Each structure stands twice: as structure tokens, then as C-alpha cells.
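Here is a short briefing on one protein chain. Look at the structure first, then read the points by topic.

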Amino acid sequence: MTDAFIFAANAVLPIVLMIALGYFFKRIGLLNQGFLDVGNKLTFRVLIPALLYCNIYGIGSLGEINLVFVLYGLAAVVSIFLISTLVTCLFTKDSGKRGALIQATFRSNYAIIGLPLASALFGDKGAAAAGVMSAFCVPLFNILAVVTLTIFNNDSQKKRIDIKKILIGIIKNPLIIGTVLGLLTLAVRELFVQWGVDFRLKDIEFLYKTLENLKSICTPFALIVLGGKFEFSAVKRQLKHIVFGTLMRTVAVPVIALSVAYFFIPGLSGEHFATYVAVFGTPVAVASAIMAKEMGADDELAGQLVVWTSLVSTVTIFIYVVIFRAIGVF
């Protein structure tokens, strides 16, 4: 058990400390709101897409993808989306709050916290498995987010659903663009292998190193910005919804999804469970608050859910990792 605690601490605490540093830097005036707003845009539009691109390109080959592993991940996300929509609609009648809560339930902070967590839990194999899953889960997260916030927002009673707007939002999303470019590059590489062509992206050394540099700064920079954006306001006014969304994201979703994977899905190994912890156990995506504001949902509640799920998940992720380590998964 001691080994399990040490393992979990070494995997989770570096991430927590980077977030804490960001919060500390903001409190002492080293970071201001203007820097954090620009940093958030830089992370969302450049750094995370570069990270996703490099992780997908790092997949050995398309033939290495475990379809059962990927299909369960996607099916679980869609199921969580559908169930959370039903439960949230029963919980509150406020359309703007519904959008924020539903998005918070199914959409994890996979890109910023999940990917480094999977790598910390299971090394290169964990990073590779997480990269494979990101190629499918990240587009799905963003597609479902656009659909959710288009249907459930403060103006939803006045406006009809605009399918064209949904599709444009999906196509223009930077995370989806980075993922699709990674898949296209991987497909081209597979063709080059079949054709006997020796040329690879790594041969364009200056370009490849630039992408690798962007990837390397993404996680620490994004975590510091995330910590700097923490605000503990509006808690009393939103308390009921904060508690509901936080428990759904950090307890209900990971307990159900991880339990089903462990007991009912065959052929999974440690790197796959490391990825599932990253997909289902991490807090609400930072981008969810940005999208909520842009699309007319309750962005104050969305921001609070980012903060509180991030705080609570530092404990819950630790517990899940300890349990998996104790039963021999990691």
C-alpha cells in the first residue's frame, strides 16, 4: 500500500504543484489578468493543437491501435453525455446552467492534465495510448460541446438550432484541426512506408523541432495559466450547481466508467487504464468556460466548475491511482 501511495503522489503531485504555482504567481502580482487571457488563447489555439499533433504522430502505426480500447472510450463518453443530459434536465430548468453542467460532466481536461497524467502513470506506453485516444476523444468532446451549448444556452428559448453554426464551430475548433492534421500526417507516413519512400516529417528537422518545442512547453505553461485563473467567487450563489457538477465529474463519471472497463471490457492493460483515468477522472476542461461564454451559456458556473473539479480531482485521482496500483493494474 505504501508503494501505491508513493506511486500516486509522484504521478499526481507535480501536476497539482504547477497549478498551485500559477495561483501563487497571480496572488503576488507576477501574473496579471491580461497575461492569463492571452496565455489561455495561446494554449487553446497553438500549444494544445501542437501537443495533440505530436502525440498522434508519435503513434507507431495505425495497425497498433487497440479497437476495443478506443471503442469503449468513445461509447462511454457518448453514454455519459446522454445520461448527463437527462439527469441535468431533471435537476435544473435553467437552460444556461444546463449547458454548463452537461458539458462539465462529459468533457474532461484531457489535453492539459490527462495526457501528462497518463504518461506519468505508465511511461511511454501510457503516453502512446493517450495519444491514440486523443485522436478520437478530443474531436468527440468538442463536437458534443458545440452541440450542447447550441441547444442549452440563455437564448435557447428564442433561437432555433442552427446546424450550419454547429458544423462550422466543429470544423474551426483548433483542437480538432490539430488532431485531424496529425491523423493526415500519420496516414501519409503509412503510405510512404508502403511505397518504400524514406522521407519522414523528422527529416524536416527545423519544423519538427519547432513542433516538439511547442509540445514541451504546453503542459507546464497551461497548468500555470490554469492556476492563475482560479477565482473563489460566486460560490454561495452557485453552490447547489457547483456541488452537483463537481460530484458528477469527479466521482460518478470515473467510478462508473472505470469500473465497467475493469470488470467487463476484455484485453485491456495498464496503459489503457492510465488513459481511462486521464479521460474520465480529470477535471473539467479549461476551454469549457471559454466556449460557454462565447455561446451564451452560464460562463460563471462553467468557470466555477473548472476551479472546483480541479481542486477535488487532486484527491479523487490520487484515490483512483492508489486503488489501481494496489490491485496490480499499474
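Take contacts in the protein chain between residues at least 6 apart in sequence: 85% of them join residues at least 24 apart. Keep in mind that this is a predicted model. The protein chain has twelve helices and zero strands. Its radius of gyration is 19 Å, close to the 20 Å that the globule rule gives for 330 residues, so the chain is as compact as a globular protein of that length.

**Overall build**

- Read from the N terminus on, the elements run α-α-α-α-α-α-α-α-α-α-α-α.
- The C-alpha trace spans about 60 × 50 × 45 Å along its principal axes.
- Of the 330 residues in the protein chain, 53% count as buried.
- The protein chain exposes about 15200 Å². Carbon and sulfur atoms supply 68% of that area.

**Charges and salt bridges**

- The protein chain carries 27 positive and 18 negative charges.
- Side chains of opposite charge can pair when their charged atoms come close.
- How many salt bridges are there by the rule used here? The count comes to four.

**The network around Lys97**

- Asp94, Lys97 and Asp298 are linked in a network of salt bridges.
- Asp94 and Lys97 meet through their side chains, at 3.9 Å from N to O.
- Asp298 also forms a salt bridge with Lys97. Here the closest N and O atoms are 3.0 Å apart.
- Where do the two partners of this second bridge lie? Asp298 is in the loop between α11 (287-294) and α12 (299-326), while Lys97 is in helix α4 (residues 95-106), so the pair ties together parts that are 201 residues apart in sequence.
- Is Lys97 buried or exposed? Lys97 is buried, because its relative accessible area is 15% and the cut-off for buried is under 20%.
- Asp298 is buried too, at 12% relative accessibility.
- Asp94 counts as partly exposed, with a value of 32%.

**A bridge between α9 and α12**

- The side chains of Arg237 and Glu300 meet in a salt bridge, at 2.5 Å from N to O.
- This pair links distant parts of the chain. Arg237 sits in helix α9 (residues 235-264) and Glu300 in helix α12, 63 residues apart.
- Arg237 counts as exposed because its relative accessibility is 58% and the exposed class begins over 50%.
- Glu300 is partly exposed, with a relative accessible area of 32%.

**Asn40 in helix α2**

- Asn40 has its place in helix α2 (residues 33-57).
- Asn40 counts as buried, at 9% relative accessibility.
- Which residues does Asn40 touch, not counting those up to four places away in sequence? They are Val225, Lys229, Val286 and Ile290.

**Ile176 in helix α7**

- Ile176 lies in helix α7 (residues 174-195).
- At 9% relative accessibility, Ile176 falls in the buried class.
- Ile176 is in contact with Pro139, Asn142, Ile143 and Ile170, leaving aside its neighbours within four places in sequence.
- Now compare a position elsewhere in the chain. Leu90 is 86 residues from Ile176 along the chain, and their C-alpha atoms are separated by 31 Å.

**Arg27 in helix α1**

- Arg27 belongs to helix α1 (residues 2-27).
- Is Arg27 buried, exposed or partly exposed? Arg27 counts as partly exposed, because its relative accessibility is 40% and this class lies between the 20% and 50% cut-offs.
- Arg27 and Gly228 are 201 residues apart along the chain, and their C-alpha atoms are separated by 8.1 Å.
- Arg27 is in contact with Phe230 and Glu231, once neighbours within four places in sequence are left aside.

Definitions and conventions: Residues are numbered from 1 along each chain as its sequence is written. This is a predicted model: local features need pLDDT of at least 70, side-chain atom pairs count only at pLDDT 80 or more; totals for chains, interfaces and linings use all residues. Side-chain values use heavy atoms; hydrogens and water are left out. Helices (H or I, at least four residues) and strands (E, at least two) are DSSP runs, numbered from the N terminus. Buried means under 20% relative accessible area, exposed over 50%, partly exposed in between (1.4 Å probe, protein chains only). Contact means heavy atoms within 4.5 Å. The radius of gyration is taken over C-alpha atoms; the globule rule is 2.2 Å times the number of residues to the power 0.38. Accessible areas come from the Shrake-Rupley method with a 1.4 Å probe; for residues, only the protein chains shown count as cover. Lys and Arg count as positive and Asp and Glu as negative; His and the chain ends are not counted. The place of a charge is taken as NZ of Lys, CZ of Arg, CG of Asp or CD of Glu.
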